[in-house]
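Q: Hi, I'm new to this one. Can we go through the structure together, a bit at a time?

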Amino acid sequence: MLTALVDYDSGNLHSAHKAFERMARERGSGTIVVTSEPDVVAKADRIVLPGDGAFPACKKQLFDYTGLFDAISEAVTQNGRPFMGICIGMQMLATRGLEYETTTGFDWIGGTVEKIAPADTDLKVPHMGWNDLILDARHPVLDGISTGDHAYFVHSYHFRVADPAHRLAHVDYGGDVTAIVAKDNMFGTQFHPEKSQAAGLRMISNFLGWAP
Amino acid sequence: MLKTRIIPCLDVADGRVVKGVNFVDLVDAGDPVESARAYDAAGADELCFLDIHATHENRGTMFDLATRTAEQCFMPLTIGGGVRTSEDVRDLLLAGADKVSFNSAAVADPDVIARAADRFGSQCIVCAIDAKTVATDAEGKGIKWEIFTHGGRKSTGIDAVEFARLVAKKGAGEILLTSMDRDGTRAGFNIAMTRAIADAVAIPVIASGGVGTLDHLVEGVTEGHASAVLAASIFHFGDFTIQQAKEHMATNGIPMRLS
């Protein structure tokens with residue numbers, strides 16, 4: 001089994017790579033490859049889109065790789081390969097993002113990526129650090145994960161989904177902030193599972209065994 | 001609810017921990033990676049490596065450290081010391097750092113923060129501010145603080161609160177604020193300065209410099225309004241464990257990640 005971590009020059013792939021490698025080794029779930037090659041993505045059994053940074057820049061960087069988005073799109077929306085988006089890689093699933101300017105997303109999960117606006121104005125933005133997950137729905141990738149488990153966040157925007165059924169978890173930060181989204185064979189986290197110690201590693205392991 | 005972070009900081013020179021880490025079960029207390037693993041297991045919320053020599057020649061050592069740490073610790077890692085350009089940021093991020101901290105380079109040219117934040121996102125750009133009290137009121141309480149560089153030896157004439165506002169506007173995602181007056185004294189954080197800066201900016205401020213007791217950590221948050229507290233000696237030398245610190249802070253009403 002081959003899991004492709006898509007490299008489009010966005011942020012720190014090293015820790016995500018190492019976390020997926022470790023969990024793949026522990027559960028005997030094949031090989032993890034970091035790639036920008038459409039051919040490799042097309043062959044992969046699972047696709048992970050990580051990323052750090054601003055929505056418009058990340059989308060541009062991804063689309064600057066000729067054929068890369070088309071390969072991801074075909075694998076995920078036509079061939080039903082399990083997909084995991086992390087942080088910006090999850091936000092790009094939305095219909096649109098409002099960071100700096102309005103940018104269209106993949107529109108695979110309806111909704112808008114908008115600035116976090118805590119009701120309590122003493123709360124700092126970015127939302128940075130460990131927050132406890134409040135699960136809204138069960139999902140195979142959340143096996144062994146409970147409300148109250150902590151995950152590591154660092155972001156100023158979040159994904160407000162159009163259909164509440166697509167939100168699997170949120171956190172409280174002066175109001176609801178979306179933490180996990182899912183639809184069909186797609187799963188995405190606003191937090192960084194590769195930085196979230198035991199709970200994060202568990203989700204990565206579950207994803208590697210997920211058969212949607 | 002977002003939890004207050006405890007961040008142990010390891011001073012590193014030539015690939016070795018400088019102050020030493022006094023934990024049981026450590027085979028090599030000078031090895032930063034082994035210390036990082038111990039802190040990971042102990043429940044630290046993030047880790048910070050500070051390259052205190054930061055000469056060009058030993059950059060490779062720091063990259064290697066970042067890489068080896070990221071292979072074993074699945075928690076956020078900040079690296080600072082000698083970071084000058086956004087190329088340095090890129091190299092450190094690729095090596096395995098999650099956040100990179102600017103210090104003197106940002107004082108010399110605050111736009112370096114903007115260039116790095118535009119390219120990599122504010123979330124991974126930390127601006128370290130080292131400041132000293134330069135004016136006090138009639139009761140001796142600090143009312144004005146100035147940035148010092150070169151390990152606190154060189155005055156810049158720059159007001160610390162104004163500078164914090166400036167780097168926040170340039171796109172820094174976080175400020176690591178160290179009191180040069182208090183660093184190493186174990187007399188507690190410089191609360192007046194921490195509060196003045198935390199209240200002046202909308203981004204998180206990490207309080208640093210002077211922790212000697214667990215109450216100091218509490219004060220940094222409740223009175224200094226810091227979002228996170230950084231400490232070195234009290235953890236390295238085994239005075240307190242991370243868990244003790246977290247429990248003490250939780251007992252004092254601060255939301256902490258205990259498990």
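Q: Where is Pro126(A)?
A: Pro126(A) is in the loop between β7 and β8 of chain A. Helices and strands here are DSSP runs numbered from the N terminus (H or I of at least four residues for helices, E of at least two for strands). The peptide bond leading from Val125(A) into Pro126(A) is cis, with omega near 10°.

Q: Before we go on, what sort of model is this, and how are things numbered?
A: This is a predicted model, in which local features need pLDDT of at least 70 and side-chain atom pairs count only at pLDDT 80 or more, while totals for chains, interfaces and linings use all residues. Residues are numbered from 1 along each chain as its sequence is written, chains are lettered from A and ligands numbered from 1 in the order in which they are written, and side-chain values use heavy atoms, with hydrogens and water left out.

Q: Thanks! Back to β8(A): how many of its residues are buried?
A: 6 of the 6 residues of β8(A) are buried, so to speak mostly covered. Buried means under 20% relative accessible area, exposed means over 50%, and partly exposed is in between (1.4 Å probe, protein chains only).

Q: Which way does β8(A) run against β10(A), parallel or antiparallel?
A: β8(A) and β10(A) are antiparallel, joined by 6 bridges. Two strands count as paired if DSSP finds at least two bridges between them. Trp130(A) has Tyr152(A) in β10(A) as its bridge partner.

Q: What does β8(A) give to the side of chain A that touches chain B?
A: β8(A) gives 6 residues, the largest share of that side. The contact as a whole takes 27 residues from chain A and 35 residues from chain B, where contact means heavy atoms within 4.5 Å.

Q: How much area do chain A and chain B bury?
A: About 2,700 Å² between them, with 53% of it on carbon and sulfur atoms. Lys124(A), Met128(A) and Trp130(A) supply 26% of what chain A buries against chain B, more than any other three residues. Buried area is the accessible area (1.4 Å probe) that two parts lose on being put together, summed over both.

Q: How many salt bridges cross the interface?
A: The rule finds 3 salt bridges between chain A and chain B. A salt bridge is a side-chain nitrogen of Lys or Arg within 4 Å of a carboxyl oxygen of Asp or Glu. Lys18(A) forms a salt bridge with Glu71(B), and their closest N and O atoms are 4.0 Å apart.

Q: Let's switch to the sheets. What is the order of the 8 strands?
A: The 8 strands form an open sheet in the order β2-β1-β3-β4-β14-β13-β12-β9 of chain A, with mixed pairing. β2 (31-35) and β9 (134-135) stand at the edges with a single partner strand each, so one side of each has no neighbour in the sheet.

Q: How do β1(A) and β2(A) pair?
A: β1 (residues 2-6) of chain A runs parallel to β2(A), and 5 bridges join them. Leu2(A) stands opposite Thr31(A) in β2(A).

Q: And which strands pair with β4(A)?
A: β3 (residues 46-49) of chain A pairs with β4(A) in the parallel sense over 3 bridges, and Ile47(A) has Phe83(A) as its bridge partner in β4(A). Strand β14 (residues 186-189) of chain A also runs parallel to β4(A), with 4 bridges. There, Ile86(A) is partnered by Thr189(A).

Q: Which way do the residues of β4(A) point?
A: Phe83(A) and Gly85(A) point one way from β4(A), Met84(A) and Ile86(A) point the other way, and all are buried. In a regular strand the side chains alternate between the two faces of the sheet.

Q: What about Cys87(A), where is it found?
A: Cys87(A) is in the loop between β4 and α5 (88-91) of chain A. Its phi is near 60°, a positive value in a residue other than glycine. At 5% relative accessibility, Cys87(A) counts as buried.

Q: Last one: which residues is Ala75(A) in contact with?
A: Leaving aside neighbours within four places in sequence, Ala75(A) is in contact with Val41(A), Ile47(A), Gly80(A) and Arg81(A). Ala75(A) sits in helix α4 (residues 68-78) of chain A and is buried, at a relative accessible area of 1%.
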